[in-house]
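Me: I would like to go through a protein model with you, one question at a time, and see how each answer is reached.

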Amino acid sequence: MVEIRVMIVEDESIVAEDIRRTLIKMGYTVPAVVSSGETAIMNAGEQAPDLILMDIMLKGGIDGIEAAKQIRSRFNIPIVYLTAYADEKILERAKLTEPFGYIIKPFKERELKMNIEVALYKSKMERQLKKSKEFYESVLEGIVNGVWVTDKNDVICYANKGAMTFMGKNMPQVIGAGVLKDLPEIFRPYYLKAKDSKQPFYYQGVPFGMSDGNQKYHSGWLIPRIKNGSFDGMICTIESIPKYDMASI
């Protein structure tokens, strides 16, 4: 069985000891029990627990919410809040730290166990999604040809380095650009044909102005993204056409 390490941050010693014993009884390992936000941040870096149970209302200069914010940004350790308060303003502030759960004190063992297991599962899925996202982005960025994606409103929401090179623009100029108003007018009918037919379309001989002032011709695929039968954006590719190929277009 894989060891699960849960750190406790609670400034009421009796409550903290009760939680520690409960966690050990459940089969978890407790690498540290601390009572302040400052110590929690330090121990999070040193102990690298799998999860932290964080009391929101800690005494001292740093409360549980601020401690959780720093821990999440620096170490990306999932946090489950412990609180005896359900104050709306406090919960709204806590929500900004992206916690993996809330437990209202006093709580039962089953509730504690359930929240920990759900938080650990959500954290695992988050890491896998992040790893998958980084992998596919690295692949797309490594492609020499341009790849760019629009949303359902025909606005570019992603573009790899290749796409920006072909378009002669930098990231801020490409991301957020509207296909039907910012890209060359000659390109728009091809885009609309693929969008309206909801079928992939191959375009050729479309000029894109380059940053050096030269005009170069490009080709590529327009592949509609369909969600529940409706247009949800477009996957677009772009590559240069060699001069000797232009005669065949």
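Me: In which loop is the place of Asp154?

Reply: This is a predicted model, in which local features need pLDDT of at least 70 and side-chain atom pairs count only at pLDDT 80 or more, while totals for chains, interfaces and linings use all residues. Residues are numbered from 1 along each chain as its sequence is written, and side-chain values use heavy atoms, with hydrogens and water left out. Strands are DSSP runs (E, at least two residues) and helices are DSSP runs too (H or I, at least four), numbered from the N terminus. Asp154 lies in the loop between strand E6 (146-150) and strand E7 (156-159).

Me: Is Asp154 buried or exposed?

Reply: Buried means under 20% relative accessible area, exposed means over 50%, and partly exposed is in between (1.4 Å probe, protein chains only). Because its relative accessibility is 7%, Asp154 counts as buried.

Me: With which side chain does the side chain of Asp154 make a polar contact?

Reply: A polar contact is a pair of N or O atoms within 3.5 Å; within protein, one must be able to donate a hydrogen and the other to accept it, and residues adjacent in sequence count only if both atoms are side-chain atoms. At 2.8 Å, the partner of the Asp154 side chain is the side chain of Lys195.

Me: How far apart in space are Ala84 and Asp55, C-alpha to C-alpha?

Reply: Ala84 sits in the loop between strand E4 (79-83) and helix H4 (88-95), and its relative accessible area of 47% makes Ala84 partly exposed. Ala84 and Asp55 are 29 residues apart in sequence, and their C-alpha to C-alpha distance is 8.7 Å.
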